Amino acid sequence: MSSLDANCILRWLLDDIPEQTEIVTVLFNSKENFTIADAALIEIIFMLEKIKKVNRESIEKAIMTVIEKENFLLNKELFIEILPIYVNHPKLSFVDCYLEVLAKKTNALPLLTFDQKLANQLKGSKLLS
């Protein structure tokens, strides 16, 4: 089993460097399992949104493609729960949504914050004042 960084997955999703896309496609279609850290998926989402200017609905579809790949081992349930929140709250970053869901799943609510947008939009967050 190997781990994947964000660049490998981005090449596969974007097909923007054909030689690299071909390499990872062959690798991903093998019988090998690959782990993907939360940080790698978060980096992918950041790159798609901020650098490539991909809309949130398309990002959700791209990440679901990663989640649905059977030989990719990652926090599938966590990201499946986060993605709709991210799509439905365009003023919040993916990291904000991630932190809220993670706090909920680990029984660590409320998520304390100075971010008024976050506290106003997600019920598990509490504004510090």
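Arg11 and Asp16 form a salt bridge, with their closest N and O atoms 2.8 Å apart. A salt bridge here is a side-chain nitrogen of Lys or Arg within 4 Å of a carboxyl oxygen of Asp or Glu. This is a predicted model, in which local features need pLDDT of at least 70, side-chain atom pairs count only at pLDDT 80 or more, and totals for chains, interfaces and linings use all residues. Residues are numbered from 1 along each chain as its sequence is written, and side-chain values use heavy atoms, with hydrogens and water left out.

**Salt bridges**

- Side chains of opposite charge can pair when their charged atoms come close.
- By the rule above, the count comes to six salt bridges.
- Arg11 counts as buried at 11% relative accessibility, while Asp16 is partly exposed at 33%. Buried means under 20% relative accessible area, exposed means over 50%, and partly exposed lies in between (1.4 Å probe, protein chains only).
- Asp16 also meets Lys52 in a salt bridge (3.8 Å, N to O). Asp16 lies in the loop between α1 (6–14) and α2 (18–28), and Lys52 in the loop between α3 (38–51) and α4 (56–68), so the pair ties together parts that are 36 residues apart in sequence.
- Lys52 is partly exposed, with a relative accessible area of 42%. Salt bridges that share partners join Arg11, Asp16 and Lys52 into one network.
- Another salt bridge links Arg56 and Glu49, whose closest N and O atoms are 3.2 Å apart. Both Arg56 and Glu49 are buried.

**Overall fold**

- The protein chain has seven helices and five strands. Helices (H or I, at least four residues) and strands (E, at least two) are DSSP runs, numbered from the N terminus.
- Along the sequence, the pattern is β-α-α-β-α-α-β-α-α-β-α-β.
- The C-alpha trace spans about 50 × 30 × 20 Å along its principal axes.
- Of the 129 residues of the protein chain, 40% count as buried.

**The sheet**

- Three strands form an open sheet in the order β1-β2-β3, with parallel pairing. Two strands pair if DSSP finds at least two bridges between them.
- β1 (2–4) and β3 (72–73) stand at the edges with a single partner strand each, so one side of each is left without a neighbour in the sheet.
- Strand β2 (residues 34–36) is joined to β3 by two bridges. Thr35 has Leu73 in β3 as its bridge partner.

**Aromatic rings**

- The whole structure contains eight aromatic pairs. Rings of Phe, Tyr and Trp (its six-membered ring) pair if their centres lie within 6.5 Å; planes under 30 degrees apart count as stacked, over 60 as edge-to-face and the rest as tilted.
- Phe28 and Phe34 make an edge-to-face pair, 5.7 Å centre to centre with 65° between the planes. Phe28 is buried at 0% relative accessibility, and Phe34 is buried at 1%.
- Tyr86 and Phe94 have ring centres 5.2 Å apart and planes at 75°, so this pair is edge-to-face. Tyr86 is buried at 0% and Phe94 at 4%.
- Ring pairs link Trp12, Phe28, Phe34 and Phe72 into a cluster.

**Nonpolar surface patch**

- Leu112, Phe114 and Leu128 make a nonpolar surface patch of about 330 Å². Patches are made of residues with over 30% relative accessible area and no salt bridge; like charges are joined within 9 Å, and nonpolar side chains (Val, Leu, Ile, Met, Phe, Trp, Tyr) within 5 Å. Accessible areas come from the Shrake-Rupley method with a 1.4 Å probe; for residues, only the protein chains shown count as cover.
- Leu112 is in strand β4 (residues 111–113) and is partly exposed, with a relative accessible area of 49%.
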